[in-house]
Amino acid sequence: LGIPGEEHSYGAADFVSWYDAHPDVPQSWPLDATSVAVLGVGNVALDVARVLAKTGDEMLVTDIPAHVHAGLAAKTITDVHVFARRGPAYAKFSPLELRELNHSPNVEVIVHPEGFDVDEHGMAHIAEHKSQKMVLNTLTSWVGADPVGKPHRIHLHFAEAPVEIVADADGKVTTLRTERTHSPNADGRVEGTGEVTDWDVQQVYRAIGYRSSALPGLPFDERAAVIPNDGGRVLDLDGTPIPGTYVTGWIKRGPVGLIGHTKSDAAETVGHLLAETQQTATARRTEDVDAYFAERDVDVVTHTSWERLDAHEVALGEARTLFHALDGVAELARLIAGEVETALLGGHPSLVGSDEFGRRRLGQGDNRQDDQDEERGGERLEGHGKSRGLRSAASTGWRIWQMRGGRNRRQLPPRWNGLDNF
């Protein structure tokens with residue numbers, strides 16, 4: 001942001017790590033504000049605003065970690081204000097993500113008319129971007145809508161640039177100060193008008209973009225914040241491919257796209273990797289590969305271990321109950337290693353990874369239904385076992401990533417979705 005008081009704001013990535021129960025972050029988060037601000041108009045900003053506004057019980061349709069549910073259930077937030085520096089024609093929301101924002105029975109979306117202008121430059125922009133036109137249509141349908149009286153509200157403000165975050169002597173936020181902008185430039189760049197507004201908020205979240213960091217020993221494009229590559233094959237500064245070095249995800253293409261983009265992006269990289277290692281792969285002995293990892297103190301997750309963890313996740317989704325958060329990295333490691341045979345589902349023991357998986361789910365009816373559920377569960381597990389998957393664990397903490405087919409997948413824990421920390 002580069003504005004006074006920025007040190008009193010929260011980064012969206014930290015908040016997302018909390019509600020996704022990342023093992024490296026604390027299990028508590030301060031949610032004692034009544035009015036908060038979210039800076040940014042991308043999908044991350046929408047996610048942050050949605051979680052801050054919805055009730056904790058609305059999250060129970062997912063396998064939300066128990067400590068996250070407790071935190072959201074106790075929060076006092078009633079109003080979430082989302083601010084965009086530019087006009088609505090340049091909002092970076094995905095059309096579907098935006099429309100879903102208004103689906104909550106407890107959250108009302110209010111698009112404020114102040115700053116909701118589309119000039120000739122904005123019209124030219126949406127004419128070139130179909131998704132932007134869909135976003136603008138949705139936003140336009142919400143402007144000036146009569147309030148329906150839901151207990152929580154998400155306010156969308158356009159053409160408001162943050163200029164200062166004001167805090168009291170104890171460092172607690174009291175005000176977000178913004179300046180009205182206009183966009184006289186064809187590329188959408190904005191300029192301040194001098195009209196300043198103070199907003200009564202007690203927390204500020206930054207969701208203004210993500211910048212990848214350079215990795216030691218690899219080239220880095222400082223301007224684009226990516227590692228130079230050709231379809232995932234890392235290139236030296238002179239454009240020469242570096243043997244055996246590949247990238248995928250945001251470090252490859254920048255911070256854009258949803259899970260579908262990430263899967264196809266990873267498939268492209270893996271395709272190059274397989275094509276360039278196919279001839280030598282069969283010459284390597286399994287024991288040599290094991291020794292290579294052992295010498296470097298790398299914990300290896302086998303396919304059998306992957307299936308054990310997958311069965312645990314599927315059981316959680318099938319139970320439709322609170323996710324019993326594994327007690328840190330140590331318990332997760334024990335589950336993967338097969339040292340523990342059961343996991344808790346909402347306080348009830350449920351056998352995972354066995355033939356009794358379907359029957360031991362919570363509160364099923366007659367045996368016929370149990371048998372049908374078990375059969376479907378077996379099919380589901382088999383399908384996942386065949387899906388393209390890659391998981392890894394580093395000695396400094398579990399880093400798990402994967403590519404999955406979507407067949408019969410239900411309510412997976414959000415922290416395992418997509419390609420993370422790759």
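A nonpolar surface patch is made of residues with over 30% relative accessible area and no salt bridge, their nonpolar side chains joined within 5 Å. Val270, Leu273 and Leu274 form such a patch, with about 220 Å² of accessible area together. The model described here is predicted. The protein has 422 residues, arranged with 12 helices and 16 strands.

**Overall build**

- Of the 422 residues, 43% count as buried.
- The accessible surface comes to about 22,000 Å². Carbon and sulfur atoms account for 51% of that surface.
- Among contacts with a separation of 6 or more, 65% join residues 24 or more positions apart.

**Nonpolar cores**

- In soluble globular proteins, nonpolar side chains tend to be buried together.
- The largest nonpolar core here has 45 residues. Phe15, Leu52 and Val80 have the most contacts inside this core.
- The helices α1 (12-19), α2 (43-53), α3 (66-74) and α6 (130-142) each supply at least two residues. So do the strands β2 (35-39), β3 (79-83), β4 (107-111) and β5 (152-157).
- The largest share of this core comes from α2, with seven residues.
- A second, separate core has 10 residues. Ile3, Leu39, Phe83 and Leu176 are among them.
- Phe15 touches Trp29, Leu31, Val48, Val51, Leu52 and Tyr205, leaving aside residues up to four places away in sequence.

**Helix α1**

- Ala12, Phe15, Trp18 and Tyr19 are the buried residues to look for in α1.
- Seen down the axis of α1, these buried residues fall within an arc of 125 degrees, so they line one face of the helix.
- The cover over the buried residues of α1 includes β1 (10-11), α2, α3 and β9 (203-206).
- Ala21 follows α1. The phi of Ala21 is positive, near 60 degrees.

- Leu273, one of the patch residues, sits in helix α8 (residues 259-281).
- Is Leu273 buried or partly exposed? Leu273 counts as partly exposed, at 32% relative accessibility.

**Thr245 in strand β12**

- Thr245 lies in β12 (residues 241-246).
- Thr245 has a relative accessible area of 17%. The residue is therefore buried, since the cut-off is under 20%.
- Leu218, Gly232, Arg233 and Val234 are touched by Thr245, again leaving aside residues up to four places away in sequence.

**Salt bridges: Glu97 and Arg50**

- The whole structure holds 16 salt bridges.
- One of them pairs Glu97 with Arg50, with the closest N and O atoms 3.9 Å apart. The cut-off is 4 Å, so the pair counts as a salt bridge.
- This pair links distant parts of the chain. Glu97 is in α4 (residues 95-100), Arg50 is in α2, and the two are 47 residues apart.
- Arg50 is buried, with a relative accessible area of 15%.

- Which side chain meets Lys252 in a salt bridge? Asp265 does, at 3.0 Å from N to O.
- Lys252 lies in α7 (residues 250-253) and Asp265 in α8, so their pair ties together parts 13 residues apart in sequence.
- Lys252 counts as buried, at 8% relative accessibility. Asp265 is buried too, with a relative accessible area of 8%.
- Asp265 also meets Arg253 in a salt bridge, at 3.3 Å from N to O. Asp265 is in α8 and Arg253 in α7, so this pair ties together parts 12 residues apart in sequence.
- Arg253 counts as partly exposed, at 25% relative accessibility.
- Salt bridges that share partners join Lys252, Arg253, Asp265 and Glu268 into one network.

Key
Residues are numbered from 1 along each chain as its sequence is written. This is a predicted model: local features need pLDDT of at least 70, side-chain atom pairs count only at pLDDT 80 or more; totals for chains, interfaces and linings use all residues. Side-chain values use heavy atoms; hydrogens and water are left out. A nonpolar core is a set of buried Ala, Val, Leu, Ile, Met, Phe, Trp, Tyr and Cys residues joined through side-chain atoms within 4.5 Å. Buried means under 20% relative accessible area, exposed over 50%, partly exposed in between (1.4 Å probe, protein chains only). Helices (H or I, at least four residues) and strands (E, at least two) are DSSP runs, numbered from the N terminus. Contact means heavy atoms within 4.5 Å. The arc is that of the directions from the helix axis to the C-beta atoms. Patches are made of residues with over 30% relative accessible area and no salt bridge: like charges are joined within 9 Å, nonpolar side chains (Val, Leu, Ile, Met, Phe, Trp, Tyr) within 5 Å. Accessible areas come from the Shrake-Rupley method with a 1.4 Å probe; for residues, only the protein chains shown count as cover.
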